Amino acid sequence: MSPAPPAAGGLHRAGPADRARFLLRVLLPGAAEGLIRRRPWAMSLAERLRTDRAAITTLRDLRHRYGPRPLRLSVAGRSLVLLLDPDDLARLLRETPDPFTPASWEKRRALEQFQPHGSLITPGPERAARRRANEEALDSGRPEHRLAPALTARIHQEAAAVAERARAGGQLDWDLFAAGWWRSVRRLVLGEAAADDTALIGLLDRLRSTGNWSMLAPRRGRLRAAFLDRLRTAIDRADPDSLAGALRAGPAAREHGVDPVHQVPHWLFAFDAAGAATLRTLALLSCHPDREAEVRAETAAPWPGTRREPVAPLPRTRAAVLEAVRLWPTTPVLLRESTRATRWYGTVVPAGTAFAAFTPYFHRAEPPTGYRDRFDPDIWRDGTAAGHPALVPFSAGPAGCPGEQVVLLTAGHWLAGLLAETRYRTVSALRPGPDRPLPATFDHTGLRFTARRA
Ligand code: HEM
């Protein structure tokens, strides 16, 4: 039954049964998968139980019954506003960081395990310089990073090595891919001296696993100090043509005292998501032969590392990666906290309220147009995606991902390197092809391909 409309317009409050459904079908499965570091066993279970589909359906049902306005609920004593309409999401992202700070209490508790002064969890005036330092070093907004030739040369070396190993063994899986991916990430971010520093990533992984428990976990001060010490040494040694080298030399670090050691942990953490997106894109391509042919045609041209400049822009490959992140957002919950009272449809919502947007719902169900459960990279090139304020795999506005272009450059050239001499066929349980709606949960850690010379 539909609830009565709220008095004088305003906002609905979800009843106890809907609160319980939201908790069980949206929040808990996401938390179980691991919001800061994915747990492979939980991802595999979630894929089999189709938990994201259930979450999307739940939100669609809430919208159907309560209407499109933000829905108020309280979860474990925390006052929460759930967004259900693209325009409201656009407002939340636009009005960041004031009055909607990305440094919500839950996010601070989770991320401060390894990045206590990272831009994303910095409240107040100090945020601006930290954000700027990220934008400068990552060349935000420029498809081709100023260090692109050096970066892509390293990417092609690592991707070619993985492809060769895959051909030799006849197969590619997440573990084989991830070993090469992380080597390339260390070289891109920290330069050649860090190429084999797997211990650094091991420390980060342990801190991220603790971060999964957010406010429930104690701080691991000694482990964090060990990680940050090791990272500081690596940043001091980083080549000038690495991303950390760019951050160290940038004006925000030099003139505004932004310490690179507190910004780089987020980069290392977030490159994990970029790896997941890259391998999922490979699976999509291997199951969509027409799309694969387009990408092969585009990536067959020579690239830097063979001294050709500028780097190949790879628009179709990048669009395929964007589409993989639309279908399976690696940041499924965009969370903000209001720094002061805000007004929504005539209702004043007090300061300190959490605002949440569940992106798998927005990317697939709202608005209900034809692309939602299909792999359609063209929407990123023909203006369709740009016209939808809620298609935000990299978020948007003043806290939108400053690494988006670096991710697309990295993923695009990784795919070029993997595809160059090798053909892949997805052989793991879930094959994301055009014959049926694409699943809403896709465990990248369970992916397996056969690999043979192209
Ligand atoms: C598939 C890969 C990635 C995706 C989908 C992604 C997406 C996002 C999203 C959705 C946010 C906003 C989070 C929020 O509002 O809570 C964000 C923030 C951020 N991302 Fe990414 N990201 C990716 C990889 C990267 C990489 C590789 C880097 C750095 C090299 C990076 C740097 C950042 C930074 C510094 C922020 C914080 C921005 C701020 O404080 O305003 N991201 N990212």
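View 1. R291 is buried at a relative accessible area of 18%, whereas E294 is partly exposed at 29% (buried is under 20% relative accessible area, exposed over 50%, partly exposed in between, with a 1.4 Å probe and protein chains only). The model is a predicted one, in which local features need pLDDT of at least 70 and side-chain atom pairs count only at pLDDT 80 or more, while totals for chains, interfaces and linings use all residues. Residues are numbered from 1 along each chain as its sequence is written, and side-chain values use heavy atoms, with hydrogens and water left out.

**View 2. The salt bridge between D197 and R230.** The closest N and O atoms of D197 and R230 are 3.0 Å apart. Because D197 lies in the loop between α8 (174-190) and α9 (198-211) and R230 in helix α10 (residues 221-237), the pair ties together parts that are 33 residues apart in sequence. D197 is buried, with 15% relative accessibility, and R230 is partly exposed, with 37%.

**View 3. A network of salt bridges.** Salt bridges link R154, E158, R183, R187, E192, D196 and D241 in a network. The count of salt bridges comes to 39.

**View 4. The iron atom of the ligand.** C401 is the only protein donor of this iron atom, through SG at 2.3 Å; donors are N, O and S atoms within 2.8 Å of the metal (3.2 Å for Na, K and Ca), and sites may look incomplete, since water is not among the atoms. C401 is placed in the loop between α16 (359-365) and α17 (404-419).

View 5. Six strands form an open sheet of mixed pairing in the order β1-β2-β3-β9-β6-β4, where two strands pair if DSSP finds at least two bridges between them. At the edges, β1 (12-13) and β4 (100-101) each pair on one side only. Helix α1 (residues 16-33) packs on the sheet, touching β2 (71-75), β3 (78-82) and β9, and its direction makes about 80 degrees with that of β2; contact means heavy atoms within 4.5 Å, and angles run from 0 to 180 degrees between N-to-C directions, with axes fitted as lines to C-alpha atoms, for helices over the stretch in contact.

Definitions and conventions
Helices (H or I, at least four residues) and strands (E, at least two) are DSSP runs, numbered from the N terminus. A salt bridge is a side-chain nitrogen of Lys or Arg within 4 Å of a carboxyl oxygen of Asp or Glu.
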